[in-house]
Amino acid sequence: RGSAAGLKATPEVRAVAIGRALGGALVATATDVVTPRGDRIAVGPGIVALHETAAGIVVGYRDGHLELVGGDVAFEDTPHAQPTALATGPGDTIVVGYSDGSVGMWPSRGGPRLAAARLHGAVVHVAVAGTQMHLASDLGRHLTWHLEAFHQDACAVLRDVWRDVPVVWEGGRPVARATPAEHRCHP
């Protein structure tokens with residue numbers, strides 16, 4: 001016989017989605033999100049996924065669009081499929097997997113999509129391990145994104161780009177060009 005001392009009862013609600021919060025779990029009902037502290041935040045209908053990042057709570061809707069609760073910047077180029085897996089990515093980003101196999105990475109506050117990929121089957125797992133992100137579908141397909149660039153300073157990334165792509169776009173075509181000697185990141 002265990003004691004229920006110290007347990008806080010919460011009213012019974014019909015959950016439509018459960019997500020990870022920085023301090024516990026988030027529960028979405030048809031009309032709002034319940035935080036680990038018991039706060040209720042109103043959301044629109046059709047929520048199917050949610051996840052808390054340092055920027056706030058990101059919710060995903062049946063039609064594929066994402067929203068930062070209380071944010072005012074749209075998540076651009078979201079697929080027209082149901083979000084199925086959300087995870088915090090590197091450098092204040094969020095990675096979202098979808099029922100059609102689409103995967104995208106966005107800034108946690110919204111804005112342009114930073115990266116995209118596609119798996120065969122619905123994305124069901126997203127996990128970050130060091131400088132890699134692993135994604136898997138319900139059909140056993142998997143993908144690994146290498147995220148080293150998010151763990152380097154800007155000059156190191158720029159030097160890698162200059163080494164691998166030593167061209168500039170000029171007059172409508174690529175032109176070979178050396179690293180600009182006057183740039184602060186010049187080796």
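Modeller: Let us begin with Asp77, which lies in the loop between strand 7 and strand 8. Helices (H or I, at least four residues) and strands (E, at least two) are DSSP runs, numbered from the N terminus. This is a predicted model, in which local features need pLDDT of at least 70 and side-chain atom pairs count only at pLDDT 80 or more, whereas totals for chains, interfaces and linings use all residues. Residues are numbered from 1 along each chain as its sequence is written, and side-chain values use heavy atoms, with hydrogens and water left out.

Biologist: Is Asp77 buried or exposed?

Modeller: The general idea is a scale of relative accessible area: buried means under 20%, exposed over 50%, and partly exposed in between (1.4 Å probe, protein chains only). Asp77 has a relative accessibility of 53%, so it counts as exposed.

Biologist: How far apart in space are His80 and Pro90?

Modeller: One compares the separation along the chain with the separation in space. His80 and Pro90 are 10 residues apart in sequence, and their C-alpha atoms are 24 Å apart. His80 is placed in the loop between strand 7 and strand 8 and is exposed, with a relative accessible area of 79%.

Biologist: Which residues is Val73 in contact with, beyond its neighbours within four places in sequence?

Modeller: Contact means heavy atoms within 4.5 Å. Leaving those neighbours aside, Val73 is in contact with Arg109, Gly110 and Gly111. Val73 and Arg109 are 36 residues apart along the chain, yet 6.8 Å separates their C-alpha atoms. Val73 lies in the loop between strand 7 (66-68) and strand 8 (83-89), and it is partly exposed, at 43% relative accessible area.

Biologist: Is Ser137 buried or exposed?

Modeller: Ser137 belongs to strand 13 (residues 132-137) and counts as buried, because its relative accessibility is 6%. Its side chain reaches the backbone oxygen of His120 at 2.7 Å. That is a polar contact: a pair of N or O atoms within 3.5 Å, where within protein one must be able to donate a hydrogen and the other to accept it, and residues adjacent in sequence count only if both atoms are side-chain atoms. Not counting residues up to four places away in sequence, Ser137 touches Leu119, His120, Gly121, Ala122, Val123 and Val124.

Biologist: Which residues of helix 1 are buried?

Modeller: An α-helix has 3.6 residues a turn, so residues three or four places apart point the same way. In helix 1 (residues 154-164), the buried residues are Cys155, Ala156 and Trp162. They cover an arc of only 125° around the axis, which puts them on the same side of helix 1; the arc is that of the directions from the helix axis to the C-beta atoms. On the other side of helix 1, Ala154 and Asp164 are exposed. Asp153 caps the N-terminal end of helix 1, with a side-chain oxygen 3.2 Å from the backbone nitrogen of Cys155.

Biologist: How many disulfides does the structure hold?

Modeller: A disulfide is a pair of cysteine sulfur atoms within 2.5 Å, and the structure holds 1. It joins Cys155 to Cys185, with an S to S distance of 1.9 Å. The pair links distant parts of the chain, 30 residues apart: Cys155 is in helix 1, and Cys185 is in the segment after strand 16 (173-176). The torsion about the S-S bond is about -60°, so the disulfide is left-handed. Cys155 and Cys185 are both buried.

Biologist: What does the secondary structure of the protein chain come to?

Modeller: The protein chain has 1 helix and 16 strands. Along its principal axes the C-alpha trace spans about 75 × 35 × 35 Å. Of its 187 residues, 36% count as buried.
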